[in-house]
Amino acid sequence: MSLFNKTTGATPIFGSSFSGKDVLINKLNKEPIEPVVAYRLVKDQLIDEGNARQNLATFCQTYMEPEAQKLMSETMEKNAIDKSEYPETAELETSCVNILADLWNAPNEKEVMGTSTVGSSEACMLGGMAMKFRWRNLAKKRGLDINAQKPNLVISSGYQVCWEKFCVYWDIEMREVPVDKDHLSINVDKVMDYVDDYTIGVVGILGITYTGKFDDIKALDKLATEYNKTHEHELVIHVDGASGAMFVPFVDPELKWDFRLKNVVSINTSGHKYGLVYPGVGWILWRDKEYLPEELVFKVSYLGGEMPTMAINFSRSASQIIGQYYNFYRFGFNGYKEIHTRTRDSAEAIAKAVEETGYFDILNDGHNIPIVCYKLKDDAKVEWTLYDLADRLLMKGWQVPAYPLPADLDKQVIQRFVCRGDLGENLAEALIEDFKQCIKDLDNARVLYHDKGDVYTYGFTH
């Protein structure tokens, strides 16, 4: 019998029988594998994936301090929903909700309702459901035939796909206010054309995924106020702050987009974006219990106690919640401000370098949130496309998406850099130099892969 027919503690990893087999399996192996061998072979299976720190397509956090990682790894076994078994973890979650209520200027922090979620997508689902249930309850009271037509949600066509999912899952008509070249965020001059008695609410987006642009939430609030003066049907606003709600309070605290606006009834955010936590954790807050119908809050007897829950998911690790609390406790207001301000500085430097090439129109310069978005100028005399540029950048390790804008502008291809808290000045300078070299290489290239007429999404744009 060969020494390497079985994996033993004395057998070198790459001399083991398992190192000669495909790691990807469709059914369980008959025998177990030594942990050190399993670890190495599975890790090697992932070796050709990109470097997460160079992934400029994603908003998701790619760095946390070692102490945060240690704390999170030590608490992965805690079930976030089991508040009776893990009461201190529940207290940390409540503290995070209170911190966000303060950051978002809730008029009465003691009345705020809120919860953690797996991510902003779940938070959006909860915000949408609360608007639907509240609309339905009030519509019945005023005698509206709620079955005469579908309830509807008004939103910019630059929405994130979770809102489309919400409308499909809960049978809502999505009324999209189209973007155009003069309005890359919601067109406040047209939004009321989409509102009627069956509108459950308007969604304002604080950081559109495509471009990083902000909807004018203050203008939406003014429209809602005027509408509500003359209509029995109350128009309310949910703010999708997946990207901006953990950024703006620290760098532009005077901007009114939050609970200071009386018609903003709920806000969601992603803790794993500019909350600086690894995926996936999100948060949603309601101004007060009036805007979270009682039928959406469940009291369950589980593992020895009764507890209220409003989240959709029932079993998940509490480690991301604890990671969020660590960041809040560790950084404080000024720590977040310093990180976000520096990140914005990096984004603005990158935007300046992109513009100085003379080839691009800047759609977002990274000032509102650190997203740099641009398109090729209409008169740019180049043979290459943004897809070719994405290819070149990928050769240097940078993952950068190129994709068309939403409907009505879907022939316009744009490109986007997402600058996160771990993109320091040194990495930003390296990116700028690589970007310039890629432009030079493309200008002198003899063979290009992508046809100039191609319009499709290249790279993951979540």
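**Labels and their grounds**

Guide: The centres of domain 1 and domain 2, taken over C-alpha atoms, are separated by 43 Å. The assignment gives domain 1 (13-48), domain 2 (69-327) and domain 3 (340-444), with bounds that come from an automatic or database domain assignment. This is a predicted model, in which local features need pLDDT of at least 70 and side-chain atom pairs count only at pLDDT 80 or more, while totals for chains, interfaces and linings use all residues. Residues are numbered from 1 along each chain as its sequence is written, and side-chain values use heavy atoms, with hydrogens and water left out.

Visitor: What makes lysine 273 count as buried or exposed?

Guide: Buried means under 20% relative accessible area, exposed over 50%, and partly exposed in between (1.4 Å probe, protein chains only); lysine 273 has 12% relative accessibility, so the residue counts as buried. Cysteine 373 is also buried, at 0%.

Visitor: Which residues is lysine 273 in contact with, beyond its neighbours within four places in sequence?

Guide: With contact meaning heavy atoms within 4.5 Å, they are Phe59, Gln61, Ala242 and Ser243. An unreviewed UniProt entry places the feature "modified residue: N6-(pyridoxal phosphate)lysine" at Lys273, though such annotations may be inferred rather than shown by experiment.
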